[in-house]
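Welcome! Here is a short briefing to read alongside the sequence and the 3D view.

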Amino acid sequence: MIRRAAHNEGMRVLVAEDHVTLADRIALGLREAGMAADAVYDGAAALDAAGQTDYDVIVLDRDLPAVHGDHVCRALAGSGARIIMLTAAAHVDDRVDGLELGADDYLGKPFAFHELVARVRALCRRAPSAPPVVRRGDLTVDRARHRASRGTRALSLTRKEFGILEMLLAADGAVVSAEELLEHVWDANADPFSHIVSVTMGRLRRKLGEPPLLHTVVGKGYRM
């Protein structure tokens with residue numbers, strides 16, 4: 001089973017932890033920190049979820065049932081997702097083993113949640129997907145600080161509006177479908193038959209102002 005929920009700041013995280021309450025609390029905390037977070041409770045589900053969705057970071061418990069966390073780490077290392085491994089083992093050799101398996105970072109249990117959030121964000125910044133500050137004409141988007149401006153005017157954007165803007169900027173003029181926006185900005189839990197993408201896009205267009213930056217490609221999606 002995979003639990004999904006919606007919130008996004010351009011980061012999508014998978015939490016793989018067999019203690020259901022802990023996994024759900026971690027995922028909830030990450031969503032409250034502005035990320036999109038899914039939770040699974042065994043290694044087989046982690047591999048399945050990672051095969052279906054492009055995650056920026058995977059928070060991976062080492063002692064997973066079904067498929068051990070070590071195997072999951074080996075299988076997903078180099079996939080594009082950064083991996084932070086969690087374990088109750090505190091010995092240095094355990095941390096070294098985890099890093100040699102392909103993990104990008106290692107955090108022992110128990111841990112302070114704000115430290116986990118900081119490490120997840122740091123791993124996202126290390127990903128080569130996009131620079132922290134992107135400019136297109138008079139539009140400036142600061143991904144690290146979650147700020148955007150057009151000319152000298154600061155833009156007050158919701159997380160969803162900011163997530164759409166990030167995806168369209170990353171596409172660099174290519175068309176992005178409503179389905180892709182729905183999956184990556186709202187998560188897979190969103191209703192695919194709703195008009196939420198077009199409604200949010202309309203609000204974003206109004207906030208960006210003139211001349212228009214976002215364009216609808218009929219029957220295909222949107223582009224910048």
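How are α6 and α8 oriented to each other: roughly parallel or roughly perpendicular? They are roughly perpendicular to each other, a term for angles of 65 to 115 degrees. This is a predicted model, in which local features need pLDDT of at least 70 and side-chain atom pairs count only at pLDDT 80 or more, while totals for chains, interfaces and linings use all residues. Residues are numbered from 1 along each chain as its sequence is written, and side-chain values use heavy atoms, leaving out hydrogens and water.

**The whole protein**

- The protein has 8 helices and 12 strands, taken as DSSP runs (H or I, at least four residues, for helices; E, at least two, for strands) and numbered from the N terminus.
- Of the 224 residues in the protein, 46% are buried, meaning under 20% relative accessible area with a 1.4 Å probe, protein chains only.
- Among contacts (heavy atoms within 4.5 Å) between residues at least 6 apart in sequence, 60% join residues at least 24 apart.

**The helix pair**

- The axes of α6 (residues 159-171) and α8 (residues 196-208) come within 10 Å and cross at roughly 80 degrees; axes are lines fitted to C-alpha atoms, for helices over the stretch in contact, and angles run from 0 to 180 degrees between N-to-C directions.
- On the α6 side, K160, E161, I164, L165 and L168 meet α8 residues T200, M201, R203, L204, K207 and L208.
- By class, this contact has 6 nonpolar, 1 polar and 4 charged residues.

**The sheet beside the helices**

- An open sheet is formed by 4 strands in the order β7-β8-β9-β10, with antiparallel pairing; strands pair if DSSP finds at least two bridges between them.
- Its edge strands, β7 (133-136) and β10 (153-155), each pair on one side only.
- Strand β9 (residues 147-150) pairs with β10 over 3 bridges in the antiparallel sense, and R150 stands opposite R153 in β10.
- Helix α6 lies across β7, β8 (139-142) and β9, at about 110 degrees to β8.
- Helix α8 also packs on the sheet, where α8 touches β8, β9 and β10 and makes about 165 degrees with the direction of β10.

**A closer look at α8**

- V197, T200, M201, G202, L204 and L208 are the buried residues of α8.
- These buried residues pack against β8, β9, β10, α6, α7 (178-185) and β12 (221-223).
- After α8 comes G209, whose phi is positive, near 80 degrees.

Terms used:
Angles under 35 degrees count as roughly parallel, over 145 as roughly antiparallel, 65 to 115 as roughly perpendicular and the rest as oblique. Ala, Val, Leu, Ile, Met, Phe, Trp, Tyr, Cys and Pro count as nonpolar, Asp, Glu, Lys and Arg as charged, and the others, Gly among them, as polar. Buried means under 20% relative accessible area, exposed over 50%, partly exposed in between (1.4 Å probe, protein chains only).
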